[in-house]
Amino acid sequence: MRQRLLLLPLLMLALSASAQDSTVRYRYVPRVIIKLAPLSLLLDPDATLQAGLEVRTGQRNAVQGEIGFGHKGLAITSDDKKNFADWSIWRVRSEWRHYTGHYRTNNRKNIHIRSQFPLGNYLAIEGFAKQINATKNVVLYDPDPNFPNNQEVINRFVWGSHVKWGRQIAIPSDAPQHLSRVLLDLYIGVGIRYGRTETNSQMSTCGCGIIPSRFQPGNSILPSLTAGLKIGIGL
């Protein structure tokens, strides 16, 4: 009996160590993950249908590329596109990401759960570009020959980069010990963007407010924030 009592603390210590060293294992270990970005369609004023691929390049590293296209009819949020006769947008994103191997950490509860690719926390460096081509209807009280059909052609180009912090998780399947192929990728990031707007307008567009109108001709450099959710399927 005494020996059993002595073994009890050792068993508790072993269980504690097991909890600290436990690893979330993803049985598929995919090389490629196909992803969709639903928020770029549902919440972004510049709505696009956006899809991408994440490709594993090492034990903890991966690269990801995305492309998106949108037009005037896709916009769900209310904005000024009602004044545009035409509107199209292209987006591309590429990033390098490093998975830290951590899935969940709570020092107060002594929880240190690790993970394997493609699960867990990651850091990423992203580069992105966007191009908007639009034709805006212009209301003029005095017809201007510089505006055929009273329309203004606008071309806007944006380049930038973000540093991102993210977390990729898998949805549990019918068996608790298994994880499905469906992945959720949540992230937030900060960075900077450079924009250039070109128009055929000879008039100055109002740059009222703290942030000037993005369709005002000229160049701009602004801080940038990004946050989102992607849904992926591991192959």
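Which two side chains meet in a salt bridge at 3.0 Å, N to O? The views below work towards that pair, starting from the whole chain.

This is a predicted model, in which local features need pLDDT of at least 70 and side-chain atom pairs count only at pLDDT 80 or more, while totals for chains, interfaces and linings use all residues. Residues are numbered from 1 along each chain as its sequence is written, and side-chain values use heavy atoms, with hydrogens and water left out.

**View 1. The protein chain has 2 helices and 11 strands.** Helices (H or I, at least four residues) and strands (E, at least two) are DSSP runs, numbered from the N terminus. Starting at that end, the order of elements is α-β-β-α-β-β-β-β-β-β-β-β-β. Among contacts with a separation of 6 or more, 69% join residues 24 or more positions apart; a contact here means heavy atoms within 4.5 Å. Of the 235 residues, 33% count as buried, where buried means under 20% relative accessible area, exposed over 50%, and partly exposed in between (1.4 Å probe, protein chains only). Carbon and sulfur atoms hold 62% of the accessible surface of about 14,100 Å², computed by the Shrake-Rupley method with a 1.4 Å probe, and for residues only the protein chains shown count as cover.

**View 2. D46 pairs with K130 in a salt bridge.** The closest N and O atoms are 3.1 Å apart; the term requires a side-chain nitrogen of Lys or Arg within 4 Å of a carboxyl oxygen of Asp or Glu. Distant parts of the chain are linked here: D46 sits in the loop between helix 2 (39-42) and strand 3 (49-56), and K130 lies in strand 8 (residues 120-137), 84 residues apart. D46 is buried at 3% relative accessible area, and K130 is buried at 12%.

**View 3. E54 and R97 form a salt bridge.** Their closest N and O atoms are 3.6 Å apart.

**View 4. E198 and R196 are the pair from the opening question.** Their side chains meet at 3.0 Å, N to O. E198 is partly exposed, with 37% relative accessible area, and R196 is partly exposed with 26%.

View 5. Over the whole structure, a search finds 12 salt bridges.
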